Amino acid sequence: MKFTLSWLKDHLDTDACVDDIAEALTDLGLEVEDISNPLDRLSDFTIGKVVAAEKHPDADKLKVCQVETEDGPTQIICGAPNAREGITVVVAKPGVYVPGIDTTIGVGKIRGIESFGMMCSEREMELSDEHDGIIELPSGNVGDKFTDWLAEHQPAKVDPMIEIAITPNRPDALGVRGIARDLAARGLGTLKARDVAPVPASFTADMTVSIDKDTLDGCPVFYGRLIKGVKNGPSPQWLQDVLKAIGLRPISFLVDVTNFFTYDRNRPLHVFDADKVKGNLRVHRAKGGETIVALDDKEYTLHAGHMVISDDSGVESIAGIMGGASTGCTDETVNVFVESAYWDPVQIAYAGRALKINSDARYRFERGVDPAFTPEGLEHAVRMIVDNAGGEVSEMIVAGKVPDTSRAYKLDPARVQSLVGMDIPESTQRQTLTALGFELKGDMAHVPSWRPDVQGEADLVEEVARIASLTKLQGKPLPRATTGVPKPVLTLGQRREGIARRTMAALGYNECVTYSFVDQGAAALFGGGTDATMLGNPISSEMSHMRPSLLPGLLQAASRNQARGIQDMALFEVGPVWAGGEPDDQEVLACGILVGNTGPKDVHGARRAVDVYDAKADAEAILAALGAPARVQFQRGLSDWWHPGRSARMALGKTSLAGFGELHPKVLKALDVKGPVVAFAVHVKNIPVPKSKSATRPALVLNDLQSVDRDFAFVMDARVEAITLVNAALGADKALVADVNVFDEYVMGDGQKSLAFTVRLQPKDATLTDKDLEAVSAKIVDKVSKATGGTLRA
């Protein structure tokens, strides 16, 4: 939204400077994006007088001028045809930047004669496109600033332009009147009365307007007046200056009037050349397929349901968006029909997007204009047309009625303190709302029709606080609910998520944050992709389902990296996954994948391909960091996306703590990942809470007795897991057995294997005797034999 300072002062009686106004606007929520002040770029130009002008000895079109300036007579070479003795000019001395030619003036020689400055034209100073000669001022004293002369004699040329950003909830600020109202409420001036007396009707128009019943929801009211005998042509200079200042091109007076009120009062209007309208006007919905050449000279094909204005010959205007070229006003227009209607914001937005038309009218109607101002806006435009272009005006033509937007909310002065934290007296609150156009009756505040964003009591509080300025808020610490050390605010689950992230990062993994949505195919690979997790309105077909696992996102990230030449990766993510559409179907997983090799090539040959045991070690490290028991069960039978012979579940009974292993080749192929890939998935919520909740570590236990290592080797079925043997040996004597480590495996040809392991015995009370060692060894052999079905090797 752009406007000039003088335009603002047409509505606001104020002495505030541009900087104060800009600061207040931003504080009010109307953020200033740009200020263009011609005075800033013209401040160094001064007024001079040519006291002598002689022809250049070596150039026919150049003159050597002696110019009186504040520094005395100055010699300037000039090629302007109107350079002559006695004229008052604008001088740029050496060192002055001239914006129109993007040059800083210096001392130079022109055909052997020195020149100490420049006499400027209007285009060189970006005041207009005039460049046929230098500026000749009708008055002015030598040495005065040119900006002072402009401010007194041609203020429009140095009128500052302000551009503000408008949020969708403030359509009233799309008019200069609405901006002035906010500033007046803040105290930067007084809002001027700008009402006009309606032009008396001279006749009754033959033209009628009707609105189809199925269109009343999109156009509840339509006003119009016919003006005969107008004289169209260029707009008055003040109107042209206003429109040019905000970047609009003056077209003709009738068109410029509609553009003016679009910005002045946020009231888009349209003018029809009445002599080109065939019969009566009708507001209705397009059947679809109709075409219209609009005012931008482009042809548009209408969709079924779009609102249009038609005469007896066909569609003449795209309602609320853009008029048609066939009934547009020209310099020859003498009879004009001025239209002011209210259009539904949502329907205008749909139509504008479908037709890909961006116009000032659409921009305002889709955000919301003041429906109650519909007839008044028409009267303002008709008054301006008649006062400047003459003509006789018909009686008002009306179809439909203005929609009722009246509503009121209770003003509770205490809510400002509770919602915003500001202590504002009730009288000030009432005064603020009154200044903004609210009507107060008792404790009820009636909302003005131009504020569709006010929809409740909290909005009243927001208006009061906004005008009072939220910068006056003082920070105050929240009171503590309890005395002493405050309790932790993070839940157990949140703490575990943080621990899992830190642990995986410490293990060398890089964190990924992927979308919670995946495509149906990827979801189906990991047990999802059902209707229960399908989104009702997905962003795209590639994000149609809630993810059943974190692995699809990690594998897709790995695929993108492999396509860019990165083959060795360690990626992890901690986040929610969904097994169904109910709240209980959501859980948090900590997943990681390893791809490629363990490290770069080196001379020691330490580089190797990642394997299942890397994933197992990392999963165990994460479980240990999260407080899981040291002894867990390893079970077969993971889901289909794991390799059936190279994966396992870590569990406590039937409760799964984690899964690890190699991912199935079919999954990698479907996601275009070069394998093998090993991974793990930790169920964060399934880890039991430790019985001791103390944050202190237990006392360090040091044993002064020497430990004893004993080696055993058992022959057993090749399908028996080594962990079964380890757990059996650990349980043989929990008081003495401190650790069990498998150090050898030998696979035999008859479906059996041999496992050798070391048992470390740690006495606590007395040194172990041979008898004690034999007794413990017997327990270990008996326990392992029963658990594995194996026999002790000789």
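W238 is partly exposed in this predicted model, with a relative accessibility of 41%, where buried denotes under 20% relative accessible area, exposed over 50% and partly exposed the range in between (1.4 Å probe, protein chains only). Residues are numbered from 1 along each chain as its sequence is written, and side-chain values use heavy atoms, with hydrogens and water left out. Because the model is predicted, local features need pLDDT of at least 70 and side-chain atom pairs count only at pLDDT 80 or more, whereas totals for chains, interfaces and linings use all residues.

Ring pairs were assigned for Phe, Tyr and Trp (its six-membered ring) when centres lie within 6.5 Å, with planes under 30 degrees apart counted as stacked, over 60 as edge-to-face and the rest as tilted. By this rule there are ten aromatic pairs. One of them joins W238 to F260 in an edge-to-face arrangement, at 5.6 Å centre to centre and 90 degrees between the planes. Since W238 belongs to helix α6 and F260 to helix α7, the pair ties together parts that are 22 residues apart in sequence. F260 is buried, its relative accessible area being 5%.

Helices (H or I, at least four residues) and strands (E, at least two) are DSSP runs numbered from the N terminus. Helix α6 (residues 237–245) packs against helix α7 (residues 253–264) at an angle of about 50 degrees, with the axes 11 Å apart. The α6 helix is therefore oblique to α7, given that angles under 35 degrees count as roughly parallel, over 145 as roughly antiparallel, 65 to 115 as roughly perpendicular and the rest as oblique. The contact (heavy atoms within 4.5 Å) involves W238, L239, V242 and L243 of α6 and F253, D256, V257, N259 and F260 of α7.

L550 is located in the loop between β32 (545–546) and α16 (551–563). This residue is buried, with a relative accessible area of 0%. Apart from neighbours within four places in sequence, L550 is in contact with E573, V574, G575, P576, V577, L589 and C591.

Conventions
Axes fitted to C-alpha atoms, helices over the stretch in contact; angles between N-to-C directions.
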